[in-house]
Amino acid sequence: PGHGSLQSGGGSDPGAVSPSGYYERDINIRIASAAGKVLSDNGATVIYTRMGSKTSITLKGRAQVANNLGADAFVSIHCNSSTSSTPSGTSTYYYTKGKDAWLQQECKRLATLVQEELVAALGRKNLGIIDQNLAVTRETIVPSILVETAFLSNAAEEQLLSNYDFQEKAGKAVAEGVMRFLED
């Protein structure tokens with residue numbers, strides 16, 4: 001689950017905060033827990049880099065956990081936000097620059113499969129897969145993605161993200177995409 005890391009000046013990074021006061025870090029944990037349960041129930045070994053509201057592990061440290069374990073996949077789960085209340089939808093990020101051809105292909109394939117499952121399950125606008133330099137996807141040497149499930153800054157999506165059933169649906173969709181990736 002994204003965010004919650006302790007900052008150098010003290011306190012922790014809650015990620016985005018919705019207009020109604022929902023913290024991204026808390027929603028991310030619930031979605032990641034749902035994804036992890038589905039994956040575990042299907043025989044996968046799931047390692048979380050954060051399960052409480054705070055952790056002392058850095059973004060680079062999260063990637064290093066996956067690298068050290070030789071993980072089959074690394075997934076960072078987030079909620080998107082904007083200074084405008086208009087944007088909506090689901091996107092999945094991956095990063096290819098500086099990675100070998102096999103890893104480039106696998107990152108893109110993982111992003112595609114998870115994005116397909118999220119859009120089908122959540123019914124949100126498909127913002128696509130995006131190759132972008134983000135710390136956790138840049139620093140990993142295993143197939144890795146960062147998922148933006150929906151926008152906390154959008155009133156309709158904020159209500160969805162704060163709903164337990166939607167969180168469960170998002171987690172299950174992430175897991176389904178990862179399982180498709182692992183099966184191929």
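Let me start with a word we will need all the way through: a residue is buried when its relative accessible area is under 20%, exposed when that area is over 50%, and partly exposed in between, using a 1.4 Å probe and protein chains only.

Hello everyone! What you see above is a predicted model, in which local features need pLDDT of at least 70 and side-chain atom pairs count only at pLDDT 80 or more, while totals for chains, interfaces and linings use all residues. Residues are numbered from 1 along each chain as its sequence is written, and side-chain values use heavy atoms, with hydrogens and water left out.

How confident is the predictor? pLDDT is its confidence in each residue, on a scale from 0 to 100. The mean for this chain is 91, and 90% of the residues reach 70 or more. One stretch to treat with care is residues 6-10, where pLDDT stays under 50. For that stretch the model has seven contacts beyond four places in sequence, a contact being heavy atoms within 4.5 Å.

Now the overall layout. Helices (H or I, at least four residues) and strands (E, at least two) are DSSP runs, numbered from the N terminus. The chain has six helices and four strands, and from the N terminus on their order is α-α-β-β-α-β-α-β-α-α. Of the 184 residues, 47% are buried. If we take the contacts with a separation of 6 or more, 75% of them join residues 24 or more positions apart.

Let's go to the strands. Two strands pair if DSSP finds at least two bridges between them. Strand 1, residues 74-80, and strand 4, residues 144-151, pair in the parallel sense over six bridges. Along that pairing, Phe74 has Ser144 as its bridge partner, and Val75 stands opposite Ile145. Strand 4 also pairs with strand 2, this time antiparallel, through three bridges; there, Thr92 is partnered with Val147.

How many residues of strand 4 are buried? Eight of its eight, so strand 4 is largely enclosed by the rest of the structure. Strand 1 is mostly covered too, with six of its seven residues buried.

Next, helix 1, which covers residues 24-41. Its 18 residues reach 26 Å from the first C-alpha to the last, close to the 26 Å expected at 1.5 Å a residue; that expected span is 1.5 Å times one less than the number of residues. Its buried residues include Ile27, Ile31, Ala34, Ala35 and Leu39. What do the buried residues of helix 1 pack against? They pack against strand 1, strand 4, helix 5 (155-161) and helix 6 (164-183).

Why does Gly171 count as buried? Because its relative accessibility is 0%. Leaving aside neighbours within four places in sequence, Gly171 is in contact with Ile31, Ala34 and Ala35. Although Gly171 and Ala35 are 136 residues apart along the chain, their C-alpha atoms are separated by 4.0 Å.

In the segment before it sits Ser18, which counts as buried because its relative accessibility is 4%. Beyond four places in sequence, Ser18 touches Leu152 and Glu158. Just after helix 1, Gly43 takes a positive phi of about 95°.

Helix 2, residues 59-69, has Gly61, Arg62, Ala63, Ala66 and Asn67 buried. What covers them includes strand 1 and helix 4 (135-138). Just after helix 2, Gly70 has a positive phi of about 65°.

Finally, two threonines in loops. Is Thr83 buried or exposed? Thr83, in the loop between strand 1 and strand 2 (90-94), counts as exposed because its relative accessibility is 90%. Thr96, in the loop between strand 2 and helix 3 (101-122), is buried because its relative accessible area is 15%. Apart from neighbours within four places in sequence, Thr96 is in contact with Gln104 and Asp131.

Methods. pLDDT = per-residue confidence, 0-100.
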